[in-house]
2 protein chains.
Amino acid sequence: MTLTADEISGIDSWFRAANYLAVGQIYLMDNPLLERELRRDDIKPRLLGHWGTTPGLNLIYAHLNRLIRERDVNAIFLAGPGHGGPAAVASAYLDGTYSEVYPRISRDRDGMRSLFRQFSFPGGIPSHVAPETPGSIHEGGELGYVLSHAYGAAMDNPDLVVAAVVGDGEFETGPLATSWHANKFVDPVHDGAVLPILHLNGFKIANPTVPARISREELTKLLEGFGHEVIVVEGDDPFDVHQQMAAAMDRAHDLITAIQQEARSGAPYHRPTWPMILLVTPKGWTGPREVDGVPVEGTWRAHQVPLAGTRDNDTHRRQLQEWMESYRPRELFDEDGRVREEIAALAPIGTRRMSANPHANGGLLRKPLRIKDFRSYAVSVPSPGATVHEATREFGRMLIDVVRDNPDSFRLFGPDETASNRLDAVYQVTDKVFGAEIRPIDEHLAHTGRVVEMLSEHTCQGWLEGYLLTGRHGLFSCYEAFIHIVDSMVNQHAKWLHTTRSIDWRPPVSSLNYLLTSHVWRQDHNGFSHQDPGFIDHVVNKKSEIVRVYLPPDTNTLLSTMKHCLESRHYINVVVAGKQPEFDWLTGDQADDHCARGLGIWDWASNDEGDPDVVLAAAGDVPTLEVLAAILILRKHLPQLRIRMINVVDLMRLQDETQHPHGLTGRDFDALFTTDRPVVFAYHGYPWLIHRLTYRRTNHDNLHVRGYREAGTTTTPFDMVMMNDMDRFHLVMDVIDRVPSLGSRAAELRQQMVDARRRAKEWTRAHGEDLPEVQDWTWNAADTELEGSVS
Amino acid sequence: MTLTADEISGIDSWFRAANYLAVGQIYLMDNPLLERELRRDDIKPRLLGHWGTTPGLNLIYAHLNRLIRERDVNAIFLAGPGHGGPAAVASAYLDGTYSEVYPRISRDRDGMRSLFRQFSFPGGIPSHVAPETPGSIHEGGELGYVLSHAYGAAMDNPDLVVAAVVGDGEFETGPLATSWHANKFVDPVHDGAVLPILHLNGFKIANPTVPARISREELTKLLEGFGHEVIVVEGDDPFDVHQQMAAAMDRAHDLITAIQQEARSGAPYHRPTWPMILLVTPKGWTGPREVDGVPVEGTWRAHQVPLAGTRDNDTHRRQLQEWMESYRPRELFDEDGRVREEIAALAPIGTRRMSANPHANGGLLRKPLRIKDFRSYAVSVPSPGATVHEATREFGRMLIDVVRDNPDSFRLFGPDETASNRLDAVYQVTDKVFGAEIRPIDEHLAHTGRVVEMLSEHTCQGWLEGYLLTGRHGLFSCYEAFIHIVDSMVNQHAKWLHTTRSIDWRPPVSSLNYLLTSHVWRQDHNGFSHQDPGFIDHVVNKKSEIVRVYLPPDTNTLLSTMKHCLESRHYINVVVAGKQPEFDWLTGDQADDHCARGLGIWDWASNDEGDPDVVLAAAGDVPTLEVLAAILILRKHLPQLRIRMINVVDLMRLQDETQHPHGLTGRDFDALFTTDRPVVFAYHGYPWLIHRLTYRRTNHDNLHVRGYREAGTTTTPFDMVMMNDMDRFHLVMDVIDRVPSLGSRAAELRQQMVDARRRAKEWTRAHGEDLPEVQDWTWNAADTELEGSVS
């Protein structure tokens, strides 16, 4: 036996206290200690919250506390069933953290009343484990991410144990299903351990769960197939379950310690079989067995609020009273409502309390990223368009130092695309981590490394979130189209960041950075399914203080942008930049200046003398290329036309300053885009986003946007822009159609453009590649007699 | 031995022919039969496509052909590694279907040249298995969905075998990982069988795959844990592999037949252990062993194009020639380029050919849905706002007949939310299908049923897509916030539908219908993580001919809308409607009329006499309620104010008719929304979407939109609208602020509104529920002296 009778009794007191506090939170507005019979007005008018999962979470928390105290374990707790918010709050209240961060919720009768009342109450706290919950880095409202978050937290935290409760409902989701394989991407030497606890309580909202209704043998095979040793705890008698659970915790921790000690002793690597716990207890355990004659405990009916009519139904109210009394509150709390000392003493001390562990409040641990001035990596740009670089490849060079200078606090995540996205320079200083078999044919694969690649965008996103929320830095590089796979995860992270802004005890964490390359215009080779620029549209719906979108047009602007993003805190930064060879436009200093302003006139491409006939604007690398090419045509053939060229790096600058912190004032916007001249705007993504960002602007009616209109296939790069009318020839036509009185030369030029488009199309279909004049094009002012025309 | 030497030799000829045609597609523009030495100009300038997975797909196809011929099996083929497009095209060409649907691609030298040239060539076909590929219902560009598509196809097709190839890269994705459990949701009596074939070729783009690098024992446990009997085929010698594969196919089919026969004999139900095949062959099998001194076959280097320099590098070009010659083309094709008869004869006949099976071209099989006039289910509405119904519950009643009248061609999919979304009336006539253990405590659970629930939005979406693409009807009911989980899948389905529009041999399939209930405004109880109306924004970026968005404001409009959507073809219909008790506004006939128009003036709420001072518009059930409540306040206190009330059901009506087929003409829009009066618009989702849809409209500058601004938490319903300034009180303020010269009574009323908001806030925080006057509010013209004021 692992526990003495006294120890069991102690643990059970904590379990009962936490259950009592959880039920109180769900039901009561007043009379927290049941000092008189429950009355109608003691009960909240709206009963919100989820009882079903709560006792299981309380059990696990209680036993983790014992493990932590006995062995001085450094542990955090992630509740996959985030709906069990009352459990996490109850435990944080029992161990004192809750009152420390929210002094109003004191550890006495008044505090308990406030604790109960605030739960799921207007002006109070959410029903879930949320940013407001001390000790949490995982909301759990949207299911599927607890294991990837847990593994992200464990990375580079060799002494940390991350206990991660997986609900058997969550078990059915796709992201969770594959995240079991995350155990092949932790390194027992440099990373901490994740202890998955699959809690089989058997039911979801209205259905049994799949893992609870396949044979135990089948489930065990599955979990062993995921690479785990399975320790089973099963029962419905609390004392029996306590004894099993204590033994399971000890065993799991023994195994973790043994794995780590062996690996860290320098023994030859072999992939460890990490332990996990399979906990089988009834749904709504210790709650009402039956309500109105139908079974509740152990069924899906215990999922939310088992007694729905407690305010007006006397029987229900009496049942609630009996239920709460069954935890024997007077043994748990003294007459003033204080947790009895012997129970409080079951909690670990100080930051060993899971609710106070700084790893669950990463802003406390975060150190600034070590990163050099981006100009150390800038490419030399003798003149605009004279040189060509692959922007992401150059950024890969910059990452070499970032990786080297932040050896245990920076990671690069991606779904098997780091090399494809041309960031492979990092392999000069690090490897891809892979815990499964490595063969001689493999390259850059090792049991430890800063690059983490699994063909699961969900897992990459979850890892990165877990890594950032525990105070580190990172980057997710992904094909642009497939980042939509994590749309809903981004929503949840944005909500977390937004909520955190108003929680003073949570300092900011590093920004979540996306580098979306292999973007829509250069997925000509992979075809239609790989072409989608809509992730930008998705993120701009989130709170403006959280979201930043950057479209650097060339290598040096990408370097400047990435340095800024990697150093920043508390944002979601979306950077879209191509990986293909593209022209350089700006020197390092120019890029620095341009990115600081976020958008601006490119004088060297403009001849407007402060009074343009037309503004040509571009956001994105391919749009910039097409706009500049169009300008060259226009300036050669219509030299009298005064053109202003504006490039936009920071998309949020287009919005009103009242709509976004980066927004330009109306005055500044008008000065750039004029109040009455036509603006032809070539944009990387869906054109209507530009309208949505600028509809309040004075000159909006004159704004004409070209972008991706969901026309694509497997073809050539130039055919892609032609299919969407964003090619240089069409942009010239757009200008001619919008500037009045350009005369007959313009009409002629327009026809030439129509012909050029036809010729380009025909050439491409005949030769399978782009027209040479389009491929070989460069910005060369001299060639096109521009020098004379620029005053 | 399953095969004789002759049979092996025959199968191998097919395999070689398919490989030859695949390599030809990737590389050649001309000289398809290698009638002369390959020259530079025979080679495409851009080499696109994926060789790595292709030989494995060819092998499987060849052996499925044998099985089909020998046993007259009705089978379709889904290639998870859709990148292996050349394989599917090669097989369809070999069996003749390709030339039947594309007569230009004839079965001779010219046809073969065209076949090769068009692949991944401008104006040609995509590099993936795409809608253009006969026999396909699965694109495979975005990985993860092959099994859910396959199971969706198998449902209600008892005689169909769906062979589904899972790549070992795809194996790592979340959606695929959980879709193995789809085998617990097919019924061996009424559904067909899915034969998963996990193809372990060991590598992704630049990495080994997880399943290839865990022990075979571990992988077997995993697959058995998913519920399968695993039949292994492994090797790199084609003849040996052919022998193994033939035996595996026979064994798999024997098992499938035995399972089905037993189940269909009326024997007591037990969950079958379905077979699957684990196929282990080298990546890029039969391709170049080494290129430039480094190994290629059997490594990640074979992923795309193994010989990259064939146009300009003579050695590479010679290697290509040797590689293609290694298939001995002269044995495969006659001197005119015709497939030799003995090889062509290895294909099944007619619609037994997988490329010609009508199940992979569902529009051929689709029959119209049997559905009654929605007015048979309409609720009685004596006057606007006099009655209350739960819209989705009433729709559930309508579904009873849909389920009954379409017993084998309509299904309802959802992630454990059918009852929560109040559609549970359907359980009067059907059950939820569940193949795992069913216990007495379970309700409405059976081994067969029309409702399919698994806690995986990905799987639900995949099932529904597979079900629709094979010619049936269905509905996905989901919480609004969590439908974002399938954003990227919707993208892919929209692209499929868009592409299909221009393929004449693919008749339209049923629309993909979403009913999003438990929406943003009524997730007050579940909190911030459950609040997100952005799916609408996501879908409207797709091609306008595909996308429809409906926001029915009450029960009868929901019924009318759903009937329309369920009957429609070729769209993605997004319907958002609440499940909570809400007022009825329109009778059945009025709803019919209103939904037919898509938007319109509600005369009974308007007093504008054709010349409004202000337009109040609403889209969505909660916005409609708040707008009507605001109008009641305005008309009571400012009776001289002429108000026009517009309700929008079909959101796409707001767009220009040039932007969307449902778009209103400028003239009609101006007639409704005026050209110069203030419009206060309460919208269900993010307000800027309305601006994005209407920025071209004359009166756009006077349009003021309220909607969800990403402000939410766990609170009350009215507090939710107040947090976003969309409440009735604020709408009254918005009107007063925008209509000039309303006088001192208006200023007073404005102050009353400020006070009302404060009072509502305070009440809610004090009592935990909404102000009674807000809860009890009804539209009652008599009460508010409106009868006199309406002229």
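**Close-up views of a predicted model**

**Figure 1. Domain layout of chain A.** Chain A is divided into three parts, namely domain 1 (5–348), domain 2 (374–583) and domain 3 (606–781). The structure shown is a predicted model. Taken over C-alpha atoms, the centres of domain 1 of chain A and domain 3 of chain A are separated by 57 Å.

Figure 2. Ser99(A) lies in helix H4 of chain A, which covers residues 97–101. With a relative accessibility of 13%, Ser99(A) counts as buried, because the limit for that class is under 20%. A polar atom of the Ser99(A) side chain is placed 2.6 Å from the backbone oxygen of Ile105(A). When neighbours within four places in sequence are left aside, the contacts of Ser99(A) are Tyr93(A), Ile105(A), Ser106(A) and Arg107(A).

**Figure 3. Crossing of helices H20 and H24 in chain A.** Helix H20 (residues 621–637) and helix H24 (residues 728–738) of chain A have axes that come within 8 Å and cross at roughly 60 degrees. At this angle H20(A) and H24(A) are therefore oblique to each other. The crossing in which H20(A) passes H24(A) is right-handed. On the H20(A) side, the contact is formed by Leu625(A), Glu626(A), Val627(A), Ala629(A), Ala630(A), Ile633(A) and Leu634(A). The H24(A) side contributes Arg728(A), Phe729(A), Leu731(A), Val732(A) and Val735(A).

**Figure 4. Packing of helices H24 and H25 in chain A.** H24(A) also packs with helix H25 (residues 743–767) of chain A, at an angle of about 155 degrees and with the axes 9 Å apart. H24(A) and H25(A) are therefore roughly antiparallel to each other, since the angle is over 145 degrees. H24(A) passes H25(A) in a crossing that is left-handed. From H24(A), the contact involves Phe729(A), His730(A), Val732(A), Met733(A), Ile736(A) and Asp737(A).

**Figure 5. Leu632(B) in helix H20 of chain B.** Helix H20 of chain B (residues 621–637) contains Leu632(B). A relative accessibility of 5% classes Leu632(B) as buried. Although Leu632(B) and Arg728(B) are 96 residues apart along the chain, 9.3 Å separates their C-alpha atoms.

**Figure 6. Ser91(B) in helix H3 of chain B.** Ser91(B) is located in helix H3 (residues 85–94) of chain B. The relative accessible area of Ser91(B) is 0%, and the residue is therefore buried. Beyond its neighbours within four places in sequence, Ser91(B) makes contact with Trp14(B), Asn58(B) and Tyr61(B).

**Figure 7. His570(A), a loop residue with positive phi.** The loop that joins helix H18 (555–567) and strand E16 (572–576) of chain A holds His570(A). His570(A) is not a glycine, yet its phi is positive at about 75 degrees. At 6% relative accessibility, His570(A) falls in the buried class.

**Figure 8. Ser518(B), a loop residue with positive phi.** Ser518(B) belongs to the loop between strand E14 (512–517) and helix H17 (535–540) of chain B. The phi of Ser518(B), which is not a glycine, is positive at about 45 degrees. Ser518(B) counts as buried, with a relative accessibility of 1%.

Key
Residues numbered from 1 in each chain as written. Chains lettered and ligands numbered in written order. Predicted model: local features only at pLDDT ≥ 70, side-chain atom pairs only at ≥ 80, totals over all residues. Heavy atoms only, no water. Domains from an automatic or database assignment. Helix = DSSP H or I, 4+ residues; strand = E, 2+ residues; numbered from the N terminus. Buried < 20%, exposed > 50% of the residue type's maximum accessible area, 1.4 Å probe, protein only. Polar contact = N/O pair within 3.5 Å; in protein donor to acceptor, adjacent residues only side chain to side chain. Contact = heavy atoms within 4.5 Å. Axes fitted to C-alpha atoms, helices over the stretch in contact; angles between N-to-C directions. Parallel < 35°, antiparallel > 145°, perpendicular 65-115°, else oblique. Left-handed = near helix turned anticlockwise from the far one by under 90°.
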